[in-house]
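Hello,

Here is the structure I said I would pass on. My notes on it follow below.

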Amino acid sequence: MSKMQLTDEQKLRRAEIARRNGAKSKGPVTPEGKYRSSMNAIAAGGHTDLHKEDLPPFFFLLSTDDRSSYIRSFQSMLRQFKPNSEFELSLVRRMAVALFQHDRLTTLGTEAMQREIDSIVREFPALGLSEHSFQGQKRAISAKELQQFVARGQRQHQTAFNGFLKTLLLVQKQCPMTPAEPLDITADANQINDELPSPAVVDEILTLADRAKNEPSFELPEYVLTILKNKHLMDLVAPDYDPRDLLQRCGLTQHLKAA
């Protein structure tokens, strides 16, 4: 069946309807939507536009990742290996990515272990510290699927890191770039700052947290818990707010955002 052809008048009418509908949009109205919107610059690669020499062209960072930790790792590798060509620089970037993803999985495994220990503490508060640790780790180890995922991923990223390192050293030894190719590397001079939620979003997040404190049956959205347990972020946006009792009630602990 042939596609119906629109007349010029119909096209203009549809365009006008679309324009009016678009004008009605006021953006996200929920706190979750507003925070996600405030993070769009990160998720959509806004930092890539601002720091093209800092972030790899294959954008791998998650919205929950600590970009400053990645940049510090990348900077240290730049100082260590001193790439003399774009190709060598690309290998250093891939090494930084592999190491960062390895550490991300380490954090995941540690978080899973900590949650199990916390659950033992809540269930058996009379037990001693060593027994809490033992029983919590025993329970975490029994969750084989997650542990296997973490271990498998760590092996893959370690293998990738070793492979990129071997290639880099081989290239630098057998195919040195002489003279060195001009590189615009500004990572050592620049510092990346995390995108922070706006004051309005922070206010609504804290309002939800206060409600949860006053109404034990109120279930906090996951994104609010993610922010509350990120001590580094909370110190920046709400340094006087103490969420520890609330997080403990939810079976969580506050910690620095890990690499």
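Glu 111 and Arg 115 are both in helix 6 (residues 86–123), four residues apart, about one turn of the helix. Helices here (H or I, at least four residues) and strands (E, at least two) are DSSP runs, numbered from the N terminus. Before going on, the conventions: this is a predicted model, in which local features need pLDDT of at least 70 and side-chain atom pairs count only at pLDDT 80 or more, while totals for chains, interfaces and linings use all residues. Residues are numbered from 1 along each chain as its sequence is written, and side-chain values use heavy atoms, with hydrogens and water left out.

Glu 111 makes a salt bridge with Arg 115, with 3.0 Å between the closest N and O atoms. The criterion is a side-chain nitrogen of Lys or Arg within 4 Å of a carboxyl oxygen of Asp or Glu. Arg 115 is partly exposed, at a relative accessible area of 36%; buried means under 20% relative accessible area, exposed over 50%, and partly exposed in between (1.4 Å probe, protein chains only).

Glu 111 also forms a salt bridge with Lys 229, where the closest N and O atoms are 3.6 Å apart. This pair links distant parts of the chain, since Glu 111 sits in helix 6 and Lys 229 in the loop between helix 10 (222–228) and helix 11 (231–237), 118 residues apart. Both Glu 111 and Lys 229 are buried.

The whole structure has five salt bridges. Another of them pairs Asp 242 with Arg 244, at 2.9 Å between the closest N and O atoms. Asp 242 is partly exposed, with a relative accessible area of 37%, whereas Arg 244 counts as exposed at 54%. Through shared partners, salt bridges join Glu 111, Arg 115 and Lys 229 into one network.

**The chain as a whole**

The protein chain has twelve helices and zero strands. Of its 259 residues, 36% count as buried. Its accessible surface is about 16,200 Å², 55% of it belonging to carbon and sulfur atoms (Shrake-Rupley method, 1.4 Å probe; for residues, only the protein chains shown count as cover). Of the contacts (heavy atoms within 4.5 Å) with a separation of 6 or more, 66% are between residues 24 or more positions apart.

**Helix 9 and the cores**

Helix 9 (residues 199–214) has 16 residues, which at 1.5 Å a residue should span 22 Å; the end C-alpha atoms are 22 Å apart, in agreement. The expected span is 1.5 Å times one less than the number of residues. Val 201, Val 202, Ile 205, Leu 206, Leu 208, Ala 209 and Ala 212 of helix 9 are buried. They lie on the same side of helix 9, because they cover an arc of only 155 degrees around the axis, taken from the directions from the helix axis to the C-beta atoms. The face turned away from that buried side carries the exposed residues Pro 199 and Asn 214.

The largest nonpolar core has 21 residues, of which Leu 220, Val 224, Leu 228, Met 234 and Tyr 241 touch the most other members. Such a core is a set of buried Ala, Val, Leu, Ile, Met, Phe, Trp, Tyr and Cys residues joined through side-chain atoms within 4.5 Å. Helix 9, helix 10, helix 11 and helix 12 (244–249) each supply at least two residues of this core, and helix 9 gives the most, with seven. A second, separate core of 18 residues includes Phe 81, Leu 89, Val 97 and Leu 168.

Regards
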